[in-house]
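Here are some friendly notes to read alongside the model.

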Amino acid sequence: MALKKIRSVKPLLYNHPAVTKVESKLAINSKFNTPSLNITRSYTMESKKEKSKYGDNMALVLHGSNNLKIEKRPIPKIKPSQVLLQMEVVSICGSDVHYYTHGRIGNWVVKKPMVIGHEGSATILECGSEVKTLKPGDRVAVEPQVNCRKCHFCKTGHYNLCENIFFCATPPDDGNLCTYFAHEADFCFKLPDNITLEQGSLMEPLSVGVHACRRGGVTNGDTVLILGSGPIGLVSLLAAKANGAKQVVVTDIVDFNLQKANELGADCAFNTGSLSDEDILSTLRDIMPEPPRVTIDACGFEKAVKIGMQMTKSGGKLILIGMGNDTMCLPMSVCTVRQIDMLGIARYVNDYPTSINMVSSGKIDTKPLITHHFKFEDAIKAFETAKERKENIIKIMIHANPKWKPEC
Ligand SMILES: NC(=O)c1ccc[n+]([C@@H]2O[C@H](COP(=O)([O-])OP(=O)(O)OC[C@H]3O[C@@H](n4cnc5c(N)ncnc54)[C@H](O)[C@@H]3O)[C@@H](O)[C@H]2O)c1
Ligand SMILES: [Zn+2]
Ligand SMILES: [Zn+2]
């Protein structure tokens with residue numbers, strides 16, 4: 001019976017009759033960044049006298065809020081453990097837009113010019129002498145971090161929590177929206193032939209969704225509620241479905257994002273708009289007769305987290321990805337007495353191989369997330385488009401390779 005009811009809801013963009021059109025006054029929320037501490041990678045830069053066999057290394061550099069410039073940078077020389085990358089596609093993340101708009105995220109302040117971008121794919125140009133698993137010409141997804149490899153977290157397999165991590169485009173660390181970039185080879189993952197370079201760049205956000213589902217233990221037959229249908233909510237939906245979830249319900253307050261969730265396989269996409277908490281809860285309980293064993297918050301706003309706490313099945317898991325409100329007033333006993341685990345997410349750790357496999361095997365298709373393409377020379381326009389949000393945007397691709405041509 002319950003399944004029948006769910007199926008009947010599926011094709012609809014579910015709008016509660018009481019919902020009036022919502023003018024979202026909520027701030028664009030893209031506040032995530034873990035401490036980028038003080039590892040500044042030491043590249044030997046190409047000497048001015050040396051003639052490069054490559055073209056100019058152009059980079060999109062953030063000089064402070066609303067101040068992006070395209071600038072020439074030296075071509076980095078690689079260390080034995082590194083590869084030199086021709087950057088191909090770098091997609092814009094909410095955190096990049098936040099740095100562009102505000103010049104900071106929390107305590108991470110752009111104090112000196114910083115190359116922006118961290119969601120990249122690339123082609124390998126050169127390999128350092130210690131690199132055995134990659135070769136020039138390989139296409140790779142670039143995991144945009146390098147950990148210290150020495151601390152307790154690194155040694156115990158939690159390198160995403162490393163206290164001395166380098167992370168692209170988190171001040172003061174430079175990102176990879178540039179022509180040439182040097183990176184540790186073991187953070188570059190070869191892309192199978194059936195994965196495009198655009199999909200390669202999307203391994204970064206996808207890995208956040210894969211990591212969230214892994215933390216929640218999402219498996220065959222699970223019911224999952226996802227709060228927020230931006231890029232991160234959508235990749236969480238894709239990962240939950242790929243893990244075998246039998247019902248995934250997604251909420252948002254913007255119809256376009258909910259339509260996208262439907263397109264990507266949500267069993268129901270529900271506009272919570274200006275509804276009261278009581279109305280949201282009663283509607284969700286109607287849609288989900290079996291409460292979600294796993295709820296994934298992918299917006300981080302108090303209103304949504306509250307719903308997540310109340311909806312999650314006793315003994316279930318509430319996964320916190322969103323970074324909307326820093327301080328919240330929450331009904332804690334709802335979680336305590338029903339023994340709900342609230343689990344934080346710090347990006348991803350060892351998740352790139354799973355993400356690549358999920359796309360390569362056809363379990364996940366990230367192509368529908370791509371809404372915009374820009375040439376590198378139009379990168380500032382791309383950021384303006386992302387900032388203004390006048391268009392329906394999920395993911396914007398910037399093509400860092402000057403040879404890229406739009407498909408006709
Ligand atoms: N923890 C991590 O590792 C990590 C990694 C990446 C992003 N993030 C954070 O995850 C969040 C989502 O990222 P994104 O890029 O998709 O951001 P986004 O801003 O594009 O998407 C958030 C979505 O939530 C919707 N929303 C707002 N209020 C809502 C509510 N009350 N109920 C349901 N939906 C609501 C918005 O309309 C929007 O579509 C951000 O806060 C981001 O900073 C965290
Ligand atoms: Zn990102
Ligand atoms: Zn470490």
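1. Helix H5 (residues 203-216) packs against helix H6 (residues 231-242) at an angle of about 55°, and their axes are 8 Å apart. Axes here are lines fitted to C-alpha atoms, for helices over the stretch in contact, with angles running from 0 to 180 degrees between N-to-C directions. H5 is therefore oblique to H6; angles under 35 degrees count as roughly parallel, over 145 as roughly antiparallel, 65 to 115 as roughly perpendicular and the rest as oblique. From H5 the contact takes in Pro205, Leu206, Val208, Gly209, Val210, Ala212 and Cys213, and from H6 Pro231, Ile232, Val235, Ser236, Leu238, Ala239 and Ala240 (contact: C-beta atoms, placed from the backbone, within 7 Å). The contact of H5 with H6 counts 12 nonpolar, two polar and no charged residues. In these classes Ala, Val, Leu, Ile, Met, Phe, Trp, Tyr, Cys and Pro are nonpolar, Asp, Glu, Lys and Arg are charged, and the others, Gly among them, are polar.

2. A word on the source: this is a predicted model, in which local features need pLDDT of at least 70 and side-chain atom pairs count only at pLDDT 80 or more, while totals for chains, interfaces and linings use all residues. Residues are numbered from 1 along each chain as its sequence is written, and chains are lettered from A and ligands numbered from 1 in the order in which they are written. Helices (H or I, at least four residues) and strands (E, at least two) are DSSP runs, numbered from the N terminus.

3. By class, the contact of H2 with H12 has four nonpolar residues, one polar and one charged.

4. Do look at the open sheet, where three strands are arranged in the order E4-E3-E9 with antiparallel pairing (strands pair if DSSP finds at least two bridges between them). Strands E4 (68-73) and E9 (114-115) are at the edges with a single partner strand each, so one side of each has no neighbour in the sheet. Six bridges connect E3 (residues 57-62) with E4, where Asn57 is opposite Arg73 and Leu60 is opposite Ile70. The E3-E4 hairpin has five residues between the strands, and Gly64 there has a positive phi near 140°. Two bridges link E3 to E9, with Val61 opposite Val115.

5. Most residues other than glycine have a negative phi, and most peptide bonds are trans. The bond from Pro171 to Pro172 is cis, with omega near 5°, and Pro172 lies in the loop between strands E13 (166-167) and E14 (180-184). Arg149 has a positive phi near 70° and sits in the loop between strand E12 (145-146) and helix H3 (152-155). Arg389, in the loop between H12 and strand E23 (395-399), has a positive phi near 50°.

6. Finally, are those arginines buried or exposed? Arg149 is exposed, because 12 other C-beta atoms lie within 10 Å, and Arg389 is exposed with 12 C-beta neighbours inside 10 Å. The cut-offs are 20 or more other C-beta atoms within 10 Å for buried, 12 or fewer for exposed, and partly exposed in between, with C-beta atoms placed from the backbone.

Note on methods:
Two residues are in contact if their C-beta atoms, placed from the backbone, lie within 7 Å.
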